[in-house]
Amino acid sequence: MPLWRVLSPTFFLALALVAMFAVYVLLGSYTVTIPDFFTIVINHLTGGEKIPGASFIVMEHKLPRAMVGTMIGVAFGLAGALFQTMLRNPLASPDIIGISSGASAAAVTAIVIFGASGAVVSGAALIGALGVAAIIYAISRSGSGAGGGNRGNAAGNRLILAGVGIAAALHAVVNFLMTRADVRTAADALIWLNGSLNTATWDRVGVLTVSLLVLIPAVIALAGPLRILELGDDAAAGLGIRVNATRLGLVLTAVGLAAVATAAAGPVAFVAFLAGPIARRIVRKPSLPASALTGALIVLLADFLASNIAPVILDGTVLPVGVITGALGAPFLLWLLVTSNRKEA
């Protein structure tokens, strides 16, 4: 393989992710040396002697948290890139079109009305995301015929608008439920709504691993047809692509990725929205692998800042990771709108 292909921007993104993962696990409020890290992992796998304190922090806190953060970042990054590429619109991410709102409304309903916690909340979020996605897709397809570039673009625009409208309605539902909850329940719901890795466990790592082992091969299978869909629906149909079936497969895969990530850590704001456009600027073209790596980098960096830097600045207060990603995402959204207006002027 030529050296220039190995040393591509995507390769450097992968190196950056490995470096960020190492910083996340080894540094922070409790520092672990590299030899101690490998000793802890090897002894854990072989049943060897544990290092008091360090073994527990690494194996029960830092490592599962880093792995959950990496996997939800990959899932959010891929979900956002699939929606944005398929609909040819940088605003089309699960954050914006209501998928995360569906998960939030279902999770808050489970917490406030049924007193649920843990895996039940995650399951409710998964069902909520999938249910809202089905409603949005049905609305977007109503009145559109098969094939046709204009009809396909109109369906994409309807999907975004329907998602924005449903997200607004679900946001009102969440606010209503929060007003009916007692202080402790409202606090639990608020932590979940902000997106947090505090509940990361090896069980959650296992669920995410199985989910990604199913969904990532689907992404790989759909990557080729997706590239052809970028040419427009008419051109794709002319090249033998079954446009409606391919679009349905892309929606199901993207919703599945966003749903499992949201169920694992809550609606971590703007990761799906940010990953694709940032990756495109780094590799200078739409790239699903670069979007996945960028999503993971954003989550790990944001959570490192939230759990290690924020307490130093805010007198010991640890922030949920979603607060940091939200603070990064909102200015980026405004910058994206401003630059888009300049290009159209």
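Mentor: Helices here are DSSP runs of H or I with at least four residues, and strands are runs of E with at least two, both numbered from the N terminus. The model is predicted: local features need pLDDT of at least 70, side-chain atom pairs count only at pLDDT 80 or more, and totals for chains, interfaces and linings use all residues. Residues are numbered from 1 along each chain as its sequence is written, and side-chain values use heavy atoms, with hydrogens and water left out.

Trainee: Which helix holds S307?

Mentor: S307 sits in helix α13, which spans residues 288–313.

Trainee: Is S307 buried or exposed?

Mentor: Buried means under 20% relative accessible area, exposed over 50%, and partly exposed in between, with a 1.4 Å probe and protein chains only. S307 has a relative accessible area of 19%, so it counts as buried.

Trainee: What does the side chain of S307 reach at 2.7 Å?

Mentor: A polar contact is a pair of N or O atoms within 3.5 Å; within protein, one must be able to donate a hydrogen and the other to accept it, and residues adjacent in sequence count only if both atoms are side-chain atoms. The S307 side chain reaches the backbone oxygen of D303 at 2.7 Å. It also makes a polar contact with the side chain of N308, at 3.2 Å. Leaving out residues up to four places away in sequence, S307 touches R65 and V318, where contact means heavy atoms within 4.5 Å.

Trainee: Where is T325, in helix terms?

Mentor: T325 lies in helix α14, residues 321–344. Its relative accessibility is 0%, so T325 is buried. A polar atom of the T325 side chain is 2.8 Å from the backbone oxygen of A269. Again setting aside residues up to four places away in sequence, T325 touches V268, A269, F270, V271, L274, I298 and A302.

Trainee: At what angle do α6 and α11 pack?

Mentor: Axes are lines fitted to C-alpha atoms, for helices over the stretch in contact, and angles run from 0 to 180 degrees between N-to-C directions. Helix α6 (residues 119–141) packs against helix α11 (residues 243–265) at about 155°, with the axes 9 Å apart. This makes α6 roughly antiparallel to α11; angles over 145 degrees count as such, under 35 as roughly parallel, 65 to 115 as roughly perpendicular, and the rest as oblique.

Trainee: What about α4 and α9?

Mentor: The axes of α4 (residues 54–87) and α9 (residues 202–229) come within 10 Å and cross at roughly 25°. The two helices α4 and α9 are therefore roughly parallel.
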